[in-house]
Amino acid sequence: MTTFADAATSFIERQPNAHDRRRAWAAFEALGLPTTTDEVWRYAPLSELSLDRFASTTSSAARADSAIVDGLVAHAGLVVRVVDGVVTSTGTALEGVSVTAEATVSDEALAQRYADDAFAQLNAALAPTTITVRVARGVRVARPVVIVHRTEGSVSFPRTVVALEEGADATLVEYYEGGKDALVVPMSEYHVGENAELRLVTYQRLDPSAWHVARSTGVIARDGRLLQAVIGLGGYYDRSRNDAVLAGAGSHNELRTTFLGAQSQVHDFRTHQLHLGAHSSSVLLSKGAVTDESRSIYTGLIEIEHGARRTDARQTNHNLLLSPRAHADSVPNLDIRENDVRCAHASSVGPLDELQRWYLESRGVTPSDAQRLMIRGFYNEMLVALPAQLAHLVENDVTAVLESVTAVAS
Amino acid sequence: MSSQLVIEDLHVEVGGVLVLKGFDLSMGSGEVHVIMGPNGSGKSTLAHALAGRPGYRVVSGTVSLDGADVLALSPTERARAGLMVALQQPLEVPGVRPYDVLVAAGADPSGLRGRMGDEARRVELNPDVLDRFMNVDLSGGERKRAEMVQIGVLRPRYAVLDEIDSGLDVDALGAVARRLSAAAGEWGCGILAITHFRRLLSELVPTRIHVMSDGRVVATGGPELAEVLERDGYEPFRARAAESA
C-alpha cells in the first residue's frame, strides 16, 4: 500500500524545483502533524486524521458545475478554474488584470514565514501551481474575479497570490467545492498596495466529509483596504486561519467570518490582526450557528505594535446554539504595546432569544418559521456586507442550507 | 358572526407570585371593553398570560374563544384562532422584517405592502419605518402603532391591547382609538384595551369598563364608570377588593 509519504516524495521528485519542496517536506516531517495537546489544535478531531488515508491517487469523475458555480460565473468578469490545485483555465484576459499559473516556488523566505505551521509546510511542498492574480496600478476591475477550486482527488493544495498595485480596486472570490473524503489545504496571500481596495470573498462549500485546513495572510500598505468575508458551510473539519498585517499608516481591514455547523462538523476559526501602521483600523465580526453535535471555535488575536498610534481595532463574535448538544467557544485576545489606541471586543454564545421567538409566535408565526426568520436575521448583517453583485447569490445559498438544517432541527 | 371570549376564574403565577387571583371577563365580537386599574393590579399579566408568554403560569381557570380551550393552545395557535395581543413593550427582533413576519403569520402576500402602508397611515405612522427590522430603532410610540398595523393586516377576532396609550401623543392616540373603533365595525373585532389612563376613552367609546384591583375585576359598568374613576381615583375600588378578599 502506498503511504502518503511515498506519494508525496514521488510527486516532489517529479517537480522542477524539487530542492525547495524537499526542504518544506523535511520541515513538515520535523514538525509532524499537530496533536490536540497543542492549545491551538485542541478542538480538532486529529486522532481521526491519518495522512495515509489521502495517499490514493484516484480521482472522482469530473462533474458539471454546481448551481452556485453557475451563479458566480454569471456575475464574474474573469473566471479561473483550478482542479486539485492545478490551474485548468485562466479565463479570458481582462484589461489591467494578469493571471498566471506557474510551478510553485517555495523559497527560503516562505519556509521561514510559516516555520511553525505543519500544514503550511505541506502546502509549500505539494502545491502544484501558484495562481497569481495581479491588478495593475490604478485599475478598477468592475466585475469580480472568481477562482473556482474543485477537489476531485484525495488531496488538494491550492496556492493563491493576489496583488493589487497602488490605487487598484477589485473584488475576488475564492470558491471551494468537491473534496469527498479529501484533504484540502489552501494557502493564500493578498498584497494590497497603497490606496488600493480588495474585496474578498472566501467561500467554502466542500463536501461534509472533507478536511479543510486553510490559511490566508493579507498585507496592507498605506491607506489600503482589505475587506474580507469568509464563509464556511462545508467540511467535516473546517479550519480557517485568516491573518492581516496592517503594515501601512491608515490601512484598514475588515474580516467577517460566517459559518453554519451541522451534524458533527467542527468550524475552527483563527484570526490574527497585526497593527504596525499608525491610524490603522480593523473590524472583525464573526457570526455563526451550530446545531446537532457540531462545534465552533473562534480565537482572535489583535496585536498592536509599539508605534501604531491611534489604532482602532474591534472584534465581535456571536455564536448561536441551535441544539443542546452543539458547542461554541469564543476566545478573543488583545496584545497591545502602544498606549494611544482604541480596542474593543465582545462575544456571546447562546440559543435563540426565547422571548423574541415567543413574540413572533404570538403574531401567529409557527415555531419553525420563527426560528427560520430569526436565524436568517442573525446572518443578515453578514450577508448585506458582501459585495453587491454576490450578496443575493450567497444569501440564497446560505438560506437553502439553513432551511435544510432548520427542517431537521424543528 | 357572533363570537364569545370568556375568561373565568383565571389564576396566574409569575416568578412564583400569584398575580391574577380569579379574573373574570366575558365579551362578544364587535364590543369594546376597557380594563382600568392601578399599577400592579395585574393588567399586563393578563395580557401576557393570554398570549402564552413563557414564565406566565396559569394555575387555574379557563379561557375560551367560541367554546375552544385557549389555554390548551400554543402561542401560535392562539393567534391563529383569532386572539392577538399588542404588547405594552413590543420586542425588537433584529434582522427580521415586519413584512416577512406578517407573511409567516398567514397574511396574504398579494398587495400586502399596500395594506401595510394603508394601515400605517391610518395610525399616523410613517410607512417607511416598517421597512426596518421589527421594532428596531423605533420609538415607543412607533412600536405601538406598528402593532396596530399588524392587527389591521391580520384582523384577529379579538385584539388585546396592553397600555396602547403609553408613548403616544394626543393626536396619535386619537388615530389609534379611531382605528380600533373602526375595526370593531369593519370585521367585528372585539377590542379589549388595558389602560390606567382615562384619556384613551375620549376617542374609544367602550361597551363596558372593568376596574381591576389585586388580580381581579372589582367593578364593571358602562362608560359612566370612567367618570367615577376620574373623580374618586382607584382608592375606593381597592377598599372594595379588600372587603371581598
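Helix H2 of chain A passes helix H5 of chain A in a left-handed crossing, a term used if the near helix is turned anticlockwise from the far one by less than a right angle (right-handed if clockwise). Helices (H or I, at least four residues) and strands (E, at least two) are DSSP runs, numbered from the N terminus. This is a predicted model, in which local features need pLDDT of at least 70, side-chain atom pairs count only at pLDDT 80 or more, and totals for chains, interfaces and linings use all residues. Residues are numbered from 1 along each chain as its sequence is written, with chains lettered from A and ligands numbered from 1 in the order in which they are written.

**Helix pairs in chain A**

Two packed helices are described by the angle between their axes and the distance between the axes. Axes are lines fitted to C-alpha atoms, for helices over the stretch in contact, and angles run from 0 to 180 degrees between N-to-C directions.

| Helix pair | Axes come within | Crossing angle |
|---|---|---|
| H1(A) (residues 4-13) and H2(A) (residues 18-31) | 9 Å | roughly 155° |
| H2(A) and H5(A) (residues 118-126) | 8 Å | roughly 155° |

H2(A) and H5(A) are therefore roughly antiparallel to each other; angles under 35 degrees count as roughly parallel, over 145 as roughly antiparallel, 65 to 115 as roughly perpendicular and the rest as oblique. Among the residues that meet here are A:Trp25 and A:Phe28 in H2(A) and A:Leu122 in H5(A). This contact of H2(A) with H5(A) divides into 9 nonpolar, 1 polar and 1 charged residues. Ala, Val, Leu, Ile, Met, Phe, Trp, Tyr, Cys and Pro count as nonpolar, Asp, Glu, Lys and Arg as charged, and the others, Gly among them, as polar.

The axes of H1(A) and H2(A) cross at roughly 155°, which makes H1(A) roughly antiparallel to H2(A). A:Ala8, A:Ile12 and A:Glu13 of H1(A) make the contact with A:Ala18, A:Arg21, A:Arg22 and A:Trp25 of H2(A).

**Domains of chain A**

Chain A is divided into domain 1 (4-352) and domain 2 (353-410), with bounds from an automatic or database domain assignment. Their centres, taken over C-alpha atoms, are separated by 26 Å. Domain 1 gives 24 residues to the contact and domain 2 gives 20, where two residues are in contact if their C-beta atoms, placed from the backbone, lie within 7 Å. On the domain 1 side, H3(A) gives the most, with 4 residues.

**Chains A and B**

In the contact between the chains, 22 residues of chain B meet 20 residues of chain A. On the chain B side, the largest share, 4 residues, comes from H2(B).
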